[in-house]
Amino acid sequence: MPHQVTLIPGDGIGPEVTDAAVRAVAATGVAIDWQRTELTSDIIVASHNELPPHVIESIERTHLGLKGPVTTPIAGGYQSVNVALRKRLELFANIRPVRNLPGLHTRYSDVKIDLVIFRENTEDLYSGLEHEVVTDVVTSLKVITRLASFRIARNAFAYARTMGRKKVTAVHKANIMKLGDGLFLKCCREVAQEYPMIEYQERIVDNAAMQLVMRPEQFDVMLMPNLYGDIISDLAAGLVGGLGIVPGANIGDRCAVFEAVHGSAPDIAGKGLANPTAIMMSAAMMLDYLKEMEAATRLRGAIEEVYKEKRRLTPDVGGAASTTEFTDAVVEKLTAR
Ligand code: ATP
């Protein structure tokens, strides 16, 4: 029986990179029945709904999605689809593994970076609760709850134990937001006590950012509320070669949606320049989730081989190949085995 997966190509570079991921997954030999579901900024504007029912219905049926980016308007317009989807489906854990790719030259090529970000995905300053108290005075509510903080902390520690990771670092600003981030830390500390085999440490977010730049090798699992997770993810992506290569998973109790860290990259959309590595790596995480571990390992291996050869890489990582040429290279490696 093929696995049923909702495929949301999205917009911007989304359709190009998701097509590439579908080709790569097909080359692993795993049978997937892709339920293609269109969701673009044009559809959202036309339907006045950032989460049209056909998208939710599909994921609630398949319980699984592979998603390209959907453009979020800046300062006004509709709410972020990504945020709405994560809240609606209770995809509370955003998991982003960040590591060097073999052969890829970056400013940090000589440092072993292998960390995993656990970002709380449903609350914090993403509550969407903003209002103008009086003219020119706006408040944005940062919501932190025990339920959500516990859930993400449990998830991060359970992952660390299962994957043989050694250390969890909670990232916060509880020196300033004593109640909100204080509650988040309290939950992390309580969960840490259940895992005495895993080292637990805390870093204030500004220091964590500097430490990541100075000595990224010290980090293993990083655990944080939503907004810090967004910013630290892009920073960490920059250490290993940029947004083109870092994958992600949004996991809940009922459903999971896999997507790259990057956005719709309108500056390069439709030009054949987008790097599909991040979404292919997200598809590999999806295969792991489907217990197709052997196929997932082969897919990651094929991507790594193409990086080692250096000949057919996209421009963002120093090559001159198109999205299709890079994808052809990955597919060749998979089918040559
Ligand atoms: P969002 O807020 O929707 O997450 P963003 O503001 O972080 O989006 P992106 O769309 O991710 O912005 O793009 C940031 C930069 O990274 C752009 O210059 C873009 O071209 C580049 N970029 C993003 N993804 C890729 C990719 N897959 N391949 C090549 N370049 C990329």
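**Close-up views of a predicted protein model**

**View 1. Asp 124, in the loop between strand 5 and strand 6.** At 1% relative accessibility, Asp 124 counts as buried, because burial is assigned to residues under 20% relative accessible area. The model shown here and in the other views is predicted. Asp 124 is placed in the loop that runs between strand 5 (114-120) and strand 6 (130-134). Although Asp 124 is not a glycine, its phi is positive, at about 70 degrees. Most residues other than glycine have a negative phi.

**View 2. Asp 136, in the loop between strand 6 and strand 7.** Asp 136 is another residue other than glycine with a positive phi, here near 70 degrees, and its place is in the loop between strand 6 and strand 7 (137-140). Is Asp 136 buried or exposed? With a relative accessibility of 70%, Asp 136 counts as exposed, whereas Asp 124, at 1%, counts as buried.

**View 3. The protein as a whole, as a setting for the close-ups.** The protein has 11 helices and 12 strands. Its radius of gyration is 20 Å, close to the 20 Å that the globule rule gives for 337 residues, so the protein is as compact as a globular protein of that length. Taken along the principal axes, the box filled by the C-alpha atoms is roughly 55 × 50 × 40 Å. Of the 337 residues, 55% count as buried, and the accessible surface comes to about 14800 Å², of which 56% belongs to carbon and sulfur atoms. Among contacts between residues at least 6 apart in sequence, 74% join residues at least 24 apart. The protein carries 37 positive and 41 negative charges, and the mean positions of these two sets are 6 Å apart.

**View 4. Helix 1 and the elements that cover it.** The 15 residues of helix 1 (14-28) should span 21 Å at 1.5 Å a residue, and the end C-alpha atoms are 21 Å apart, which agrees with that expectation. Helix 1 is mostly covered, with 11 of its 15 residues buried; among them are Gly 14, Glu 16, Val 17, Thr 18 and Thr 28, together with several alanine and valine residues, including Ala 20, Ala 21, Val 22 and Val 25. The cover over these buried residues includes strand 1 (3-8), strand 2 (32-36) and strand 3 (64-67), as well as helix 9, helix 10 and helix 11. Just after helix 1, Gly 29 takes a positive phi of about 90 degrees.

**View 5. Helix 11 and the helices against it.** Helix 11, formed by residues 323-336, has 14 residues and reaches 20 Å from its first C-alpha to its last, close to the 20 Å expected at 1.5 Å a residue. Which residues of helix 11 are buried? They are Thr 323, Phe 326, Thr 327, Ala 329, Val 330, Val 331, Lys 333 and Leu 334. Helix 1 (14-28), helix 9 (277-289) and helix 10 (293-309) are included in what covers these buried residues, and helix 11 is in turn included in what covers the buried residues of helix 1.

**View 6. Glu 50, in the loop between helix 2 and helix 3.** Glu 50 lies in the loop between helix 2 (41-47) and helix 3 (53-62) and, at 23% relative accessibility, counts as partly exposed. Not counting residues up to four places away in sequence, Glu 50 touches Leu 39, Ile 44, Tyr 78, Gln 79, Val 81 and Ala 84. The C-alpha atoms of Glu 50 and Thr 40, which are 10 residues apart along the chain, are separated by 9.1 Å.

**View 7. Arg 254, in the loop between strand 11 and strand 12.** Arg 254 is found in the loop between strand 11 (249-251) and strand 12 (256-259), and its relative accessibility of 42% makes it partly exposed. Leaving aside neighbours within four places in sequence, Arg 254 is in contact with Glu 60, His 63, Arg 88 and Leu 89. Arg 254 and Ile 231 are 23 residues apart along the chain, and their C-alpha atoms are separated by 27 Å.

**View 8. Asp 234, in helix 8.** Asp 234 is found in helix 8, which comprises residues 226-240, and is partly exposed, with a relative accessible area of 37%. Residues up to four places away in sequence not being counted, Asp 234 touches Leu 243 and Val 261. The C-alpha atoms of Asp 234 and Ala 295, 61 residues apart along the chain, are separated by 28 Å.

Methods. Residues are numbered from 1 along each chain as its sequence is written. This is a predicted model: local features need pLDDT of at least 70, side-chain atom pairs count only at pLDDT 80 or more; totals for chains, interfaces and linings use all residues. Side-chain values use heavy atoms; hydrogens and water are left out. Helices (H or I, at least four residues) and strands (E, at least two) are DSSP runs, numbered from the N terminus. The radius of gyration is taken over C-alpha atoms; the globule rule is 2.2 Å times the number of residues to the power 0.38. Buried means under 20% relative accessible area, exposed over 50%, partly exposed in between (1.4 Å probe, protein chains only). Contact means heavy atoms within 4.5 Å. Accessible areas come from the Shrake-Rupley method with a 1.4 Å probe; for residues, only the protein chains shown count as cover. Lys and Arg count as positive and Asp and Glu as negative; His and the chain ends are not counted. The place of a charge is taken as NZ of Lys, CZ of Arg, CG of Asp or CD of Glu. The expected span of a helix is 1.5 Å times one less than its number of residues.
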